[in-house]
Amino acid sequence: GALREKMLALAGSEADGVIINWLAPDDVPKVVSVAKEAAAAAGKDPDALEIACRIFVVTAADEATARGLARFMITAYLTTPVYSAFHSWLGRGEALRPMTEAWQAGDRQEALKLVPDQVVDDVLVFGDRRRVWEKIEAYRRNGVTLPIVNIVPVSLDAAERSRMSLAAFRELTAP
């Protein structure tokens with residue numbers, strides 16, 4: 001797994017691939033270019049580098065619920081120093097600054113409110129089957145060779161989460 005330049009370069013130069021996550025389809029070219037440049041500098045075929053990406057797909061009956069869970073996930077991850085630095089490198093630092101400041105001040109509810117809608121739309125996937133597939137394909141067009149669909153069901157009950165995950169995979173893979 002890799003987030004920023006040093007980790008991506010190490011993966012590109014030493015490994016067969018890289019695993020990325022918590023980014024938008026439009027961020028993929030920037031991330032992939034670092035790994036591929038390092039692969040080429042190491043004398044490897046940059047086009048042979050596997051680019052795996054964990055893509056979060058939030059399952060919810062309605063968009064408001066999906067967005068609520070997305071905001072919760074974003075505040076839990078993107079306020080940590082490593083992911084905050086990653087998103088600053090990607091160009092979202094200023095957009096996420098109010099959320100991060102509220103989180104660091106201990107005001108979790110305010111932090112949730114301050115998650116920019118654009119960040120929700122950028123880094124998580126939700127919606128109907130067509131919308132989900134379109135976004136996964138956007139990741140692929142931008143350089144992801146192995147999309148890893150991470151279904152995020154909306155339930156606190158483990159058995160229900162399992163049922164929801166299976167139902168989501170069935171819906172996404174139905175002919």
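Isoleucine 74 touches Trp22, Thr79, Met99, Val115, Val119, Val120, Val123 and Leu124, leaving aside residues up to four places away in sequence. In this predicted model, Ile74 is also among the residues with the most contacts inside the largest nonpolar core.

**The nonpolar core**
- The largest nonpolar core has 48 residues.
- Strand E2, residues 50-59, supplies the largest share of this core, namely six residues.
- Ile20, Trp22, Ile74 and Leu124 are the residues with the most contacts inside the core; of these, Trp22 and Leu124 are also touched by Ile74.

**Helix H1**
- Helix H1 spans residues 5-14, and its buried residues are Leu8, Ala11 and Gly12.
- Viewed down the axis of H1, these buried residues fall within an arc of 95°, so they line one face of the helix.
- On the other side of H1, the exposed residues are Lys6, Leu10 and Glu14.
- The buried residues of H1 pack against three elements: strand E1 (17-21), helix H2 (28-41) and helix H4 (81-90).

- Ile19, Leu146 and Ile148 make a nonpolar surface patch of about 240 Å².
- One of these patch residues, Ile148, is found in strand E3, which covers residues 146-153.
- Ile148 counts as partly exposed because its relative accessibility is 34%, a value that lies between the limits of 20% for buried and 50% for exposed.

Key. Residues are numbered from 1 along each chain as its sequence is written. This is a predicted model: local features need pLDDT of at least 70, side-chain atom pairs count only at pLDDT 80 or more; totals for chains, interfaces and linings use all residues. Side-chain values use heavy atoms; hydrogens and water are left out. Patches are made of residues with over 30% relative accessible area and no salt bridge: like charges are joined within 9 Å, nonpolar side chains (Val, Leu, Ile, Met, Phe, Trp, Tyr) within 5 Å. Accessible areas come from the Shrake-Rupley method with a 1.4 Å probe; for residues, only the protein chains shown count as cover. A salt bridge is a side-chain nitrogen of Lys or Arg within 4 Å of a carboxyl oxygen of Asp or Glu. Helices (H or I, at least four residues) and strands (E, at least two) are DSSP runs, numbered from the N terminus. Buried means under 20% relative accessible area, exposed over 50%, partly exposed in between (1.4 Å probe, protein chains only). A nonpolar core is a set of buried Ala, Val, Leu, Ile, Met, Phe, Trp, Tyr and Cys residues joined through side-chain atoms within 4.5 Å. Contact means heavy atoms within 4.5 Å. The arc is that of the directions from the helix axis to the C-beta atoms.
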